[in-house]
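These are my notebook entries on a few things I looked up, one after another.

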Amino acid sequence: MSGVFDAYARYYDLLYADKDYAGEAAYVLDLVREHLQPPAAAKPLRILELGCGTGGHAEHFVAAGCTVHGIDRSPEMVARASERLRGNAAASFETGDATSIDLGRPFDLVVALFHVLSYQAEDAAVAAFFRTAAAHLRPGGLAVFDFWHGPGVDADPPATRVRRLSDASLNVLRIAEPTLHPETNVVDVGYTLFFNVPGEASWQRTEEAHRMRYFFLPELTSLQASAGLEPVCYHPWMEPAGGPGPRNWYAVLVGRKPLG
């Protein structure tokens with residue numbers, strides 16, 4: 001998996017330049033203010049981010065007064081995140097596997113955004129992912145994950161999509177071709193990418209394969225509970241209340257480490 005994201009990191013920020021990192025970070029912090037037990041004290045909220053990417057969310061968590069430690073399997077992603085927040089003592093990053101890393105210290109919040117949970121395609125990986133979260137939470141701390149929502153994927157199956165993007169230093173053409181495996185709730189997404197430097201005639205081509213899993217609530221809550229996390233709430237992504245339905249491709253699940 002890390003090899004995929006090492007190549008992907010070269011144009012990741014361009015592909016997602018329009019992503020609302022600030023709004024998503026604020027949404028997560030609203031969930032924390034509502035559900036953290038006991039509520040956050042005056043000291044900075046300690047966040048562990050699993051699958052931190054190039055630091056887009058971490059940048060806004062830090063701007064809101066939090067401390068963030070980010071983990072990602074891709075050394076190139078970690079390098080870009082470190083460069084983004086270079087010199088900021090509230091942020092740190094390291095290469096690691098979210099299903100097995102052990103930092104030996106507690107956090108108030110463990111967060112995994114941009115569907116990092118959906119990259120865990122097997123039950124064993126999902127269970128290990130939740131165990132990592134639980135092991136790094138202080139009692140009353142929260143785990144917040146967004147993911148591909150099964151009823152939404154069933155109602156509106158993924159289709160081939162093409163994106164064209166450019167900035168002053170790079171042009172990108174990306175073709176995404178999904179293959180749905182409903183028997184395992186998995187989508188294999190094949191990416192063909194063409195990119196070049198503006199002003200040059202030649203284009204380079206690369207291919208990537210991303211395996212994504214979509215989830216239904218019963219399986220997620222069962223795997224979450226097996227890791228020792230109690231259910232808190234389950235919403236459409238970026239919505240403050242209500243249960244997601246077949247119109248929602250993305251959802252958020254919040255769990256909590258029991259106080260007792």
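I began with leucine 223, which counts as buried because its relative accessibility is 14%, where buried means under 20% relative accessible area, exposed over 50% and partly exposed in between, with a 1.4 Å probe and protein chains only. I noted that this is a predicted model, in which local features need pLDDT of at least 70 and side-chain atom pairs count only at pLDDT 80 or more, while totals for chains, interfaces and linings use all residues. Residues are numbered from 1 along each chain as its sequence is written, and side-chain values use heavy atoms, leaving out hydrogens and water.

I then found leucine 223 in helix H7, residues 217–226 (helices are DSSP runs of H or I with at least four residues, numbered from the N terminus). Leaving out residues up to four places away in sequence, I saw that leucine 223 touches Asp123, Val126, Ala127 and Phe130, contact being heavy atoms within 4.5 Å.

Next I turned to H2, residues 21–35, whose buried residues include Tyr21, Glu24, Ala25 and Val28. H2 packs against helix H3, residues 56–63, at an angle of about 60 degrees, with the axes 8 Å apart; axes are lines fitted to C-alpha atoms, for helices over the stretch in contact, and angles run from 0 to 180 degrees between N-to-C directions. I wrote down that H2 and H3 are therefore oblique to each other, since angles under 35 degrees count as roughly parallel, over 145 as roughly antiparallel, 65 to 115 as roughly perpendicular and the rest as oblique. On the H2 side the contact is made by Tyr21, Ala22, Glu24, Ala25, Val28 and Leu29, and on the H3 side by Gly56, His57, His60 and Phe61.

Note on methods
Helices (H or I, at least four residues) and strands (E, at least two) are DSSP runs, numbered from the N terminus. The expected span of a helix is 1.5 Å times one less than its number of residues.
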